[in-house]
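I am opening a notebook on this structure. The entries below follow the order in which I looked things up.

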Amino acid sequence: QFGWTADKRAFLLGEWLIYGEKRHERAHPTKACLAYVDAMTPPSDARVRKWAKGAELYAHKGMESAQFILGVSLASPVLGLLATADAQGALINIFSTESGLGKTTLAHSALSIWGRPAPSGNKLGLSGISNDTNKSRIFGMSLFQNIPYYMDETTDMKPQQSYQLVYQITQGQDARRMKQSGVELHDTVGGWNMVTMTSSNKSLVEKLYTLAGASGDAVHARVLEIDMRQLKSAREVVDEYGVSLYTHEEIQHAFRTMQSENYAIIGQDYLLKITERRDALVAEYEDIRRELNAIFKFQSFERFWANTAVLGIMGIRHGNHFGYFNFDESRVIAWLHKTLATVRSVRTEAKVDIKDVIQDFLINSQGQSITSLNGRDAKWVGGRPSIVSYRHNIENKHYQISVRAFKQYVHDQYGWTLKEAERAMGELCGTSKRYRFLSGLDDVGSENGSGQIMSWVLPYDLL
């Protein structure tokens with residue numbers, strides 16, 4: 001794995017094992033790491049001052065979210081030095097319902113600190129791709145260990161996949177064995193302590209709160225979400241006379257300078273400066289955490305937000321000190337105030353409406369339903385199903401929903417526990433009872449071969 005060695009005395013970036021400014025040596029990366037060595041090796045003419053010149057594009061008022069993300073990326077290795085289960089991983093989701101606001105460009109600028117952000121020809125980049133499988137994502141995070149990772153466009157992930165991914169990233173491990181490109185990852189090798197960035201066209205925080213049911217606080221507070229609509233575009237930066245400071249060509253040149261011509265040089269230089277200060281880094285991290293906790297009053301379930309906030313401020317301080325950035329920390333703190341207020345508001349606003357969940361269930365389970373007319377005639381919807389999810393009784397104007405089918409559906413699609421499903425439905429329609437769907441259903445989803453299915457009866461007027 002890249003990142004810190006087991007004894008935390010050195011950091012592997014590309015083919016260089018870095019112990020400090022006075023000691024760094026070529027390593028012999030494993031087969032899995034070899035494929036990414038080139039991506040983490042700075043171009044021969046890369047220079048710190050060149051990358052820093054490109055980063056000046058982000059050093060303007062209104063770009064605090066970008067400054068924060070660059071700071072988090074720079075300080076990412078510090079996570080690997082913390083001996084706490086609360087700091088296994090940090091997750092930032094960059095989202096916007098509008099296209100063309102630069103989600104991927106910003107993430108690639110942050111990744112360029114550590115390597116080539118995107119693939120170039122047949123050469124690999126550090127970022128994942130939208131159609132990566134779960135195994136390949138876990139493989140990438142396991143391999144990078146303490147180096148930031150990016151997953152582009154996670155909008156179309158199924159709800160339960162998003163829920164699972166958030167826990168995997170922030171817990172810093174995946175318990176399953178897997179093979180990727182012929183390389184087997186064992187449980188003892190597959191951990192990470194890293195910053196992961198994702199991007200989406202919808203709010204992941206709101207989605208997770210809905211998925212989590214009663215466990216919403218614990219899940220959505222594992223993600224610090226940044227709305228790209230808050231970020232001023234470089235094209236909007238003007239002088240005192242209202243004249244744009246940057247032409248389109250100058251903006252593109254700045255991005256090219258960071259992402260294509262001087263990638264990995266900042267990460268390499270940073271590691272040379274900090275690897276011998278490991279104990280001091282941990283102490284500094286704890287000092288900043290106390291400082292920010294006094295400002296933001298983080299609750300216990302908000303520890304992942306706290307960790308991410310500390311990394312952002314720590315990275316900005318280090319970047320300013322070493323000449324990589326020239327960002328105004330006080331403005332970033334003010335931006336954090338607004339951002340935390342927004343994500344905290346989801347806790348009270350993004351409540352689940354059980355009626356919406358039921359409608360979703362009814363629509364998606366039509367192929368496993370029966371329509372009952374006049375109390376005795378039945379019509380299979382979409383052909384005879386292997387299991388009955390609900391019965392639609394038109395004459396009596398109600399739905400009869402299988403307890404078992406509904407619980408399984410909301411568990412798979414929303415991440416609810418069985419007790420959460422039971423409680424939500426019970427509050428809506430009362431205690432569940434046994435009803436006979438129709439005669440002759442012994443082989444179609446019945447319980448104990450009885451032809452009966454435990455169900456909830458939901459009159460039309462409840463929905």
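Entry 1, terms. I take helices (H or I, at least four residues) and strands (E, at least two) as DSSP runs, numbered from the N terminus. This is a predicted model, in which local features need pLDDT of at least 70 and side-chain atom pairs count only at pLDDT 80 or more, while totals for chains, interfaces and linings use all residues. Residues are numbered from 1 along each chain as its sequence is written, and side-chain values use heavy atoms, with hydrogens and water left out.

I found Pro 459 in strand β16, residues 452-459. Pro 459 is partly exposed at a relative accessible area of 29% (buried is under 20%, exposed over 50%, partly exposed in between, with a 1.4 Å probe and protein chains only). Leaving aside neighbours within four places in sequence, I see Pro 459 in contact with Lys 397 and His 398 (contact means heavy atoms within 4.5 Å). Lys 397 sits in the loop between β13 (390-393) and β14 (398-402). Lys 397 counts as exposed, because its relative accessibility is 52%. I also noted a positive phi of about 55 degrees at Lys 397, which is not a glycine.

Most residues other than glycine have a negative phi. Ala 264 has a positive phi, near 75 degrees. I place Ala 264 in the loop between α9 (248-261) and α10 (265-274). Is Ala 264 buried or exposed? Ala 264 counts as buried, because its relative accessibility is 0%.

Entry 4, the sheet. I traced an open sheet of four strands in the order β6-β9-β5-β10, with parallel pairing (two strands pair if DSSP finds at least two bridges between them). Its edge strands, β6 (149-151) and β10 (223-227), each pair on one side only. From one strand to the next the twist averages 20 degrees (axes are lines fitted to C-alpha atoms, for helices over the stretch in contact, and angles run from 0 to 180 degrees between N-to-C directions). Strands β5 (residues 89-95) and β9 (residues 194-200) run parallel and are joined by seven bridges. Gly 89 has Met 194 in β9 as its bridge partner. Helix α12 packs on the sheet, touching β5, β9 and β10, and its direction makes about 80 degrees with that of β5. Helix α4 (residues 103-111) lies across β5, β6 and β9, at about 165 degrees to β6.

Of the 20 residues of α12, 15 are buried, so the helix is largely enclosed by the rest of the structure. Just after α12, I found Gly 323 with a positive phi of about 85 degrees.

Glu 64 belongs to helix α3, residues 64-75. Glu 64 counts as buried, because its relative accessibility is 9%. Not counting residues up to four places away in sequence, Glu 64 touches Arg 331, Val 332 and Trp 335.

The protein averages a pLDDT of 80, and 79% of the residues score at least 70 (pLDDT is the predictor's confidence in each residue, from 0 to 100). Residues 175-189 have a pLDDT below 50, and this stretch has 24 contacts in the model beyond near neighbours in sequence.
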